[in-house]
Amino acid sequence: IESTAPFSLPESPTEPDLIAKYFRAFGDATRIRILELLAAGERSVGEIVEAVGASQPRVSNHLACLRWCGFVATRRDHRTVCYRVADERVPAMLELVRSLLADNAEHVAACRRIDAPC
């Protein structure tokens, strides 16, 4: 029976499996936009929705993923939930990626293997 829960722990993940899965969090443009926005400061869900131009359910789904995996943290301000980057190494990692991409952007853009199913 397949679970409908959004999160489940595999039986015995290997370190390479976990690293690959960790990097898949960076594999979605909406999640990158959310992380870049939060790197600039704390935001409410409404502010994030407006800034990234995605629907509230889609943004909430991405935020749940990012929160579960430790990329973002929350703070409740009465009825408003505010999100922030949970670890300052996340913006540093995004900056490192930008630096690497500066030398390889054309190749990454042209690569057809990354998006292809295995």
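**Figure 1. An aromatic cluster built from Tyr-22, Phe-23, Phe-26 and Phe-71.** In this predicted model, these four residues form one aromatic cluster. The structure holds five aromatic pairs. In one of them, Tyr-22 and Phe-23 have their ring centres 6.1 Å apart and their planes at 85 degrees, an edge-to-face arrangement. Tyr-22 has a relative accessible area of 34% and is partly exposed. Phe-23, with a relative accessible area of 46%, is partly exposed as well.

**Figure 2. The edge-to-face pair of Phe-26 and Phe-71.** The ring centres of Phe-26 and Phe-71 are 5.3 Å apart. Their planes stand at 90 degrees, so the pair counts as edge-to-face. Which parts of the chain does the pair link? Phe-26 lies in the loop between helix H1 (15-24) and helix H2 (29-39), whereas Phe-71 lies in the loop between H4 and S2.

**Figure 3. The crossing of helices H2 and H3.** The axes of H2 and H3 come within 10 Å of each other and cross at roughly 120 degrees. The two helices are therefore oblique to each other. The crossing of H2 past H3 is right-handed. On the H2 side, the contact is made by Arg-33, Ile-34, Leu-37 and Leu-38. On the H3 side, Glu-47, Ile-48, Ala-51 and Val-52 take part. Sorted by type, the residues of this contact are six nonpolar, no polar and two charged.

**Figure 4. The crossing of helices H3 and H4.** Two packed helices are described by the angle between their axes and the distance between the axes. For helix H3 (residues 45-52) and helix H4 (residues 56-68), the axes come within 10 Å and the angle is roughly 110 degrees. H3 and H4 are therefore roughly perpendicular to each other. As H3 passes H4, the crossing is right-handed. H3 contributes Val-45, Ile-48, Val-49 and Val-52 to the contact. H4 contributes Gln-56, Val-59, Ser-60 and Leu-63. How many of the residues of this contact are nonpolar, polar or charged? They divide into six nonpolar, two polar and no charged.

**Figure 5. His-78 in the loop between S2 and S3.** His-78 lies between strand S2 (72-77) and strand S3 (80-85). Is His-78 buried or exposed? Because its relative accessibility is 72%, His-78 counts as exposed. Most residues other than glycine have a negative phi. The phi of His-78, by contrast, is near 60 degrees, a positive value in a residue other than glycine.

**Figure 6. The protein chain as a whole, for placing the close-ups.** The secondary structure comes to five helices and three strands. From the N terminus on, the order of the elements is α-α-β-α-α-β-β-α. The chain has 118 residues, and buried residues make up 25% of them. How many of the contacts between residues at least 6 apart in sequence join residues at least 24 apart? The share is 51%.

Note on methods
Residues are numbered from 1 along each chain as its sequence is written. This is a predicted model: local features need pLDDT of at least 70, side-chain atom pairs count only at pLDDT 80 or more; totals for chains, interfaces and linings use all residues. Side-chain values use heavy atoms; hydrogens and water are left out. Helices (H or I, at least four residues) and strands (E, at least two) are DSSP runs, numbered from the N terminus. Buried means under 20% relative accessible area, exposed over 50%, partly exposed in between (1.4 Å probe, protein chains only). Axes are lines fitted to C-alpha atoms, for helices over the stretch in contact, and angles run from 0 to 180 degrees between N-to-C directions. Angles under 35 degrees count as roughly parallel, over 145 as roughly antiparallel, 65 to 115 as roughly perpendicular and the rest as oblique. A crossing is left-handed if the near helix is turned anticlockwise from the far one by less than a right angle, and right-handed if clockwise. Contact means heavy atoms within 4.5 Å. Ala, Val, Leu, Ile, Met, Phe, Trp, Tyr, Cys and Pro count as nonpolar, Asp, Glu, Lys and Arg as charged, and the others, Gly among them, as polar. Rings of Phe, Tyr and Trp (its six-membered ring) pair if their centres lie within 6.5 Å; planes under 30 degrees apart count as stacked, over 60 as edge-to-face and the rest as tilted.
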